Amino acid sequence: MYSLKQPGLIEFMKKFAGQVWNYLFGKDAHILMVPSLIYLKRKRKVDVNYFDYVRTGALELIAYEIHKNKLAGAVAELGVYKGKFARYINQHFSDKTLYLFDTFEGFHSNDKTIEVSNNFSDGEQDFKNTSVERVLSIMPNREKCVIKKGYFPHTAEGMNEEFCFVSLDTDLYEPIYQGLQFFYPKLVPGGYIMIHDFNNEAYPGVRAAVEKFCNENNANFTPIPDSCGSCIICKG
C-alpha cells in the first residue's frame, strides 16, 4: 500500500496534478493558482517540477519591486542544494550576477555540531545528491552565475559586493545566523532577504537564528504561508 509519506509518490502526484491544471487552464494556470500575480500581467504555465507557488510568487513580486525601483546590487542564495529555487532567482534577475553559496556536499560538520548541541535538530538530513554542474545545467542564464563552493562564511571572505536580494535556505541555525550577519549589512536600502524554513518545526534553529539577529539589529521580519513557512526581511 502506498503512503503519503513516500516522497516519490508525492512528487508523482504533484506533477500529475500540475499537468492536469496546465491542460485545463493553459497559460493562465499559474495565475489562477496565485491570483495576486494578475497584477504583473504575465502568463505562464504551472512548473510541474516545483510546487511552492506562494514562495515563487513572493519572489516574483519582490523581483518586480526591485526592478521597478531600479535597485543596484547582485543577488545570492546560500543553501542551493539542487538549484530549484535558484533557477527562479536567475530567471527573475536575469540582468544581475547570482552568487551560489553551498558546500554541494551536504551539511558541514561544524554546523551540525552546533545544531545538535542546541537541540534544534539532529542535522542528519542528506543533501549530498547534487553537484555544481547539476545546478548550473538548469540555470536559464548560466553565464550570470558565480559558484562559491565550500564552507560559509569562509567562501565569502573578501567579498565587497552589495546585494538587492538574498535567499537563505540552509536549514540549520548557524549558517542562517552567519548568513544574516554577512548579507544584511551588504543589502542595499529597499533590498530583501528571504529565509526558508522559518516556521518549519523540523528546523526550529532557523526561527531562533532570525529572531536573535533581528533583536540584535532592530530589524523586522514578515512570515509568509509557503509550504515551509518562510519569512522576509526588507531593509529600510
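Biologist: Which residue is the bridge partner of A74 in β4?
Modeller: F163 is the bridge partner of A74 in β4. Keep in mind that this is a predicted model.

Biologist: How do β1 and β4 pair, parallel or antiparallel?
Modeller: β1 and β4 pair in the parallel sense, over 5 bridges. Another opposite pair is E77 with S167 in β4.

Biologist: And what holds strands together in general?
Modeller: Strands of a sheet pair through backbone hydrogen bonds, and the sense can be parallel or antiparallel.

Biologist: What packs on the sheet next to β1?
Modeller: Helix α4, residues 84–92, packs on the sheet and touches β1, β2, β3, β4 and β5. The direction of α4 makes about 175° with that of β1. Helix α7 also packs on the sheet, touching β1, β2, β4, β5 and β7. For α7 the angle of about 175° is taken with the direction of β4.

Biologist: Back up a bit. How many helices and strands are there in the protein?
Modeller: There are 8 helices and 7 strands.

Biologist: In what order do the strands sit in the sheet?
Modeller: The order is β3-β2-β1-β4-β5-β7-β6, in an open sheet of 7 strands with mixed pairing.

Biologist: Which strands stand at the edges?
Modeller: β3 (145–149) and β6 (221–223) do. Each has a single partner strand, so one side of each has no neighbour in the sheet. As for the twist, it averages 15° from one strand to the next.

Biologist: Is β4 buried or exposed?
Modeller: 6 of the 6 residues of β4 are buried, so the strand is largely enclosed by the rest of the structure. β5 is mostly covered too, with 7 of its 9 residues buried.

Biologist: How do β4 and β5 pair, parallel or antiparallel?
Modeller: They pair in the parallel sense, over 5 bridges. F165 stands opposite Y192 in β5, and V166 stands opposite I193 in β5. Together with α7, the strands β4 and β5 make a right-handed β-α-β unit.

Biologist: What about β5 and β7, parallel or antiparallel?
Modeller: β5 and β7 pair in the antiparallel sense, over 4 bridges. There, I193 has I233 in β7 as its bridge partner.

Biologist: New topic, the inside. How many residues are in the largest nonpolar core?
Modeller: The largest nonpolar core has 34 residues. Those with the most contacts inside it are F101, F163, L168, L180, F183, I193 and I195.

Biologist: Which elements give two or more residues to this core?
Modeller: They are β1 (74–78), β2 (98–102), β4 (163–168), α7 (173–183), β5 (187–195), α8 (204–217) and β7 (231–234). α7 gives the most, with 6 residues.

Biologist: What is F183 in contact with?
Modeller: Leaving aside its neighbours within four places in sequence, F183 is in contact with A76, L78, F101, F152, F163, V166, L168 and I193. Apart from this core lies another one of 28 residues, among them I66, L71, C145 and F165.

Biologist: What tends to happen to nonpolar side chains in general?
Modeller: In soluble globular proteins they tend to be buried together. In this protein, buried residues make up 49% of the 236 residues.

Biologist: Now the loops. Where does T170 lie?
Modeller: T170 lies in the loop between β4 and α7.

Biologist: Does T170 count as buried or exposed?
Modeller: T170 counts as buried because its relative accessibility is 11%, and the cut-off for buried is under 20%.

Biologist: What does T170 touch?
Modeller: Not counting residues up to four places away in sequence, T170 touches L78, G79, F107, P175 and I176. The side chain of T170 reaches the backbone nitrogen of I176 at 3.4 Å.

Biologist: And where does T103 lie?
Modeller: T103 lies in the loop between β2 and α5 (109–117). At 15% relative accessibility, T103 counts as buried.

Biologist: Which backbone atoms lie by the side chain of T103?
Modeller: The backbone nitrogen of E105 lies 3.0 Å from a polar atom of that side chain. The backbone oxygen of G106 lies 2.6 Å from a polar atom of the T103 side chain.

Key:
Residues are numbered from 1 along each chain as its sequence is written. This is a predicted model: local features need pLDDT of at least 70, side-chain atom pairs count only at pLDDT 80 or more; totals for chains, interfaces and linings use all residues. Side-chain values use heavy atoms; hydrogens and water are left out. A nonpolar core is a set of buried Ala, Val, Leu, Ile, Met, Phe, Trp, Tyr and Cys residues joined through side-chain atoms within 4.5 Å. Buried means under 20% relative accessible area, exposed over 50%, partly exposed in between (1.4 Å probe, protein chains only). Contact means heavy atoms within 4.5 Å. Two strands pair if DSSP finds at least two bridges between them. Axes are lines fitted to C-alpha atoms, for helices over the stretch in contact, and angles run from 0 to 180 degrees between N-to-C directions. A polar contact is a pair of N or O atoms within 3.5 Å; within protein, one must be able to donate a hydrogen and the other to accept it, and residues adjacent in sequence count only if both atoms are side-chain atoms. A crossover is right-handed if, with the strands pointing away from the viewer, the path from the first strand over the helix to the second runs clockwise.
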